Amino acid sequence: MKEDFLHYIWQHQYFDKTNLTTTEGESVQVLRVGMHNTDAGPDFRETLVKVGEVEWSGSVEIHRKASDWRRHQHHFDFKYNQVVLHVVWEADEAVRRTDGSLIPAVELKSRIPHAMLQTYEQLRRAPDTIPCASFWPRVPDITKTMMMGRTLTERLELKGEEVLQLFNQLGNDWEATAYQLLCKGFGFKINQEPFERLAGALPVQVVRKHQTSLFQMETLLFGQAGFLNDPADEYSASLAKEYTYLSRKYKLQEQAMQRHHWNFLRMRPANFPTVRLAQLAALLTQQKSLFSRIIDTDEPKHYDALWQAPVSAYWQKHYTFGAESKATQVQLGKSGAQNLTINVAVPLLAAYASYTQQLRYLDKAVNLLEKVKEASNKVTRQYEELGWKAASAADNQAALGLYKLYCQPVNCLRCAIGNKIMKQDIPTT
Ligand code: SF4
């Protein structure tokens with residue numbers, strides 16, 4: 001058993017308190033459980049307990065064995081002098097503060113419901129990737145929906161924090177942050193890393209100076225990406241010529257990438273990185289204030305229109321340089337646009353909500369996700385197999401949050417679904 005379980009038992013007071021006494025035989029009444037402390041120091045603060053006839057206000061420290069107090073050197077640690085009750089699974093020895101005074105102890109071994117202990121062990125040792133899979137069908141839908149709502153918010157807050165870190169690194173520049181996220185977003189799954197690298201290789205300050213010309217935007221992107229070193233036709237030669245001038249002007253050559261950094265393998269031509277770069281160039285030329293547009297846009301279809309800027313005439317007939325094609329599927333498709341809404345617009349909205357302390361931006365992010373579709377993936381399919389129906393990207397993102405923050409690290413004791421299961425108040429089959 002882990003100490004976490006005893007914390008959970010104390011926090012929810014799930015133990016038998018009939019004739020509760022200390023190991024010395026004095027009666028104990030819990031008047032206030034206290035606040036769980038995850039920092040250094042005792043486990044629960046601001047606890048109020050009555051031991052015998054005296055009320056004590058202070059902290060509670062929890063251990064599996066009372067002797068852990070000594071093992072952890074708490075008897076030398078002044079932070080633990082405020083402990084008024086030692087709560088243990090097994091009271092194998094008496095413990096004292098730094099001044100030698102005895103700390104009252106309560107032993108829980110015979111007071112925790114056996115079924116709860118068994119369920120906890122079952123969840124902890126389950127071989128399934130979702131440890132509560134065997135309980136899942138019997139947990140009420142309302143509990144699952146509530147928990148999914150919580151994990152969606154927690155996931156968005158985490159994504160927002162990541163964006164705020166980037167925002168800080170970029171000198172508190174929202175447009176630069178949006179540019180970095182957009183580049184990463186255009187890499188989708190396969191070319192995310194090179195697109196991220198490209199954003200670093202082509203400073204947003206240079207991009208800003210050439211956003212009025214689609215030709216120069218393509219020059220800068222394709223040049224820094226390493227696609228203009230060996231021109232394959234007249235158009236790429238003209239871009240290469242312009243790149244020679246611009247790269248010298250802005251001293252860009254040192255950060256320039258090579259063609260081999262890009263992945264073309266097992267990809268439909270419409271998803272080639274060359275096509276994505278052409279789409280990105282079109283978007284950057286069409287939207288001068290990308291961040292403001294993202295924050296001000298409301299409907300998913302308006303976001304789709306924002307991402308789907310028309311590419312140049314050359315890229316309407318090419319998937320790569322030098323190979324003309326009859327097919328013209330070079331416009332960013334619906335699912336690509338939705339992907340950018342989920343991975344660029346939503347995290348930016350979450351970050352802006354946290355930065356400005358305006359919840360309406362977080363609500364907007366949630367509303368957007370509720371209106372957008374997202375294909376299931378390896379993780380979300382596990383919940384679908386258990387009967388969870390994902391109707392929108394919001395449901396998918398909630399399931400991803402549940403998996404990453406709770407199920408994968410087996411955080412069942414912090415999960416509303418786990419709590420329902422632990423309390424055994426679900427109908428039995
Ligand atoms: S964290 Fe919650 S949903 Fe995940 S396995 Fe545990 S109880 Fe189930």
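**View 1. Helices α4 and α16 in the predicted model are roughly perpendicular to each other.** Helix α4 spans residues 141-169 and packs against α16 at an angle of about 85 degrees. Angles of 65 to 115 degrees count as roughly perpendicular, so the pair falls in that class. The two axes lie 7 Å apart. From α4, the contact takes in M147, M148, G149, T151, L152, E154 and R155. These residues meet A394, D395, Q397, A398, A399, L400, G401, L402, L405 and Y406 of α16. By class, the contact holds ten nonpolar, four polar and three charged residues.

**View 2. The ligand sits in a shell of 13 residues.** The closest are C132, C407, C412, C415 and G418. Two helices, α16 (393-407) and α17 (416-422), each supply at least two residues of this shell. Eleven residues of the shell are nonpolar and two are polar. No charged residue is part of the shell.

**View 3. Helix α13 packs against α14.** Helix α14 covers residues 359-371. The angle between α13 and α14 is about 160 degrees, and their axes are 7 Å apart. Angles over 145 degrees count as roughly antiparallel, and α13 and α14 are therefore roughly antiparallel to each other. Their crossing is left-handed. On the α13 side, the contact is made by T341, I342, A345, V346, L349, A350, Y352, A353 and T356. On the α14 side, L359, Y361, L362, K364, A365, L368 and L369 take part. The contact comprises 13 nonpolar residues, two polar and one charged.

**View 4. Helix α13 also packs against α5.** Helix α5 runs over residues 174-186, and α13 over residues 334-356. They pack at an angle of about 160 degrees, with axes 9 Å apart. That angle makes α5 roughly antiparallel to α13. The crossing of α5 and α13 is right-handed. A178, L181, L182 and G185 of α5 make the contact with L340, N343, V344, P347 and L348 of α13. Seven of the contact residues are nonpolar and two are polar. None is charged.

Conventions
Residues are numbered from 1 along each chain as its sequence is written. This is a predicted model: local features need pLDDT of at least 70, side-chain atom pairs count only at pLDDT 80 or more; totals for chains, interfaces and linings use all residues. Axes are lines fitted to C-alpha atoms, for helices over the stretch in contact, and angles run from 0 to 180 degrees between N-to-C directions. Helices (H or I, at least four residues) and strands (E, at least two) are DSSP runs, numbered from the N terminus. Angles under 35 degrees count as roughly parallel, over 145 as roughly antiparallel, 65 to 115 as roughly perpendicular and the rest as oblique. A crossing is left-handed if the near helix is turned anticlockwise from the far one by less than a right angle, and right-handed if clockwise. Two residues are in contact if their C-beta atoms, placed from the backbone, lie within 7 Å. Ala, Val, Leu, Ile, Met, Phe, Trp, Tyr, Cys and Pro count as nonpolar, Asp, Glu, Lys and Arg as charged, and the others, Gly among them, as polar. A residue is near a molecule or strand if its C-beta atom, placed from the backbone, lies within 6 Å of it.
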